[in-house]
Amino acid sequence: MKQIAVANACYFNIGARLYRYTDNSTYGELAEKTWDLVWRLGYISKDYDVYDGAHLPDCTGINKAQFSYNAAMLLQGCAYMYNVVCTPIFLSLFVCASTLR
């Protein structure tokens, strides 16, 4: 069994969008926690490669397959988060979009 990145990317994306449109900070907090989790698990590399997931139960053994929808969901969520909070951390992925593979 594995945890797939797209599930986390979708959760981040919907949280960011809801935060943007409702201004409910709970959605923003959940989106930020999800963003931190994705980075901590290594689903995004230091070169901004977005990987497909990891094996459960401890999320080790990153599956380094790359699919554009994973990167796209994270990228859109970053745009929404940056639109609301203007935090450079969300701009970093957006600016580096040309490096996403």
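Guide: The crossing of helix 1 and helix 3 is left-handed, a term used if the near helix is turned anticlockwise from the far one by less than a right angle, with right-handed for clockwise. This is a predicted model, in which local features need pLDDT of at least 70 and side-chain atom pairs count only at pLDDT 80 or more, while totals for chains, interfaces and linings use all residues. Residues are numbered from 1 along each chain as its sequence is written, and side-chain values use heavy atoms, leaving out hydrogens and water.

Visitor: What makes helix 1 roughly parallel to helix 3?

Guide: Helix 1 (residues 5-22) and helix 3 (residues 68-85) pack at an angle of about 25°, with their axes 8 Å apart. Angles under 35 degrees count as roughly parallel (over 145 as roughly antiparallel, 65 to 115 as roughly perpendicular, the rest as oblique), and therefore helix 1 is roughly parallel to helix 3.

Visitor: Why is Trp 39 called partly exposed, and why does Ser 45 count as buried?

Guide: Buried means under 20% relative accessible area, exposed over 50%, and partly exposed in between, with a 1.4 Å probe and protein chains only. Trp 39 has 27% relative accessibility and so counts as partly exposed, whereas Ser 45, at 13%, counts as buried.

Visitor: Which residues is Trp 39 in contact with, leaving aside its neighbours within four places in sequence?

Guide: Trp 39, found in helix 2 (residues 25-41), is in contact with Ile 44, Ser 45 and Tyr 48 once those neighbours are set aside, contact meaning heavy atoms within 4.5 Å.

Note on methods: Helices (H or I, at least four residues) and strands (E, at least two) are DSSP runs, numbered from the N terminus. Axes are lines fitted to C-alpha atoms, for helices over the stretch in contact, and angles run from 0 to 180 degrees between N-to-C directions.
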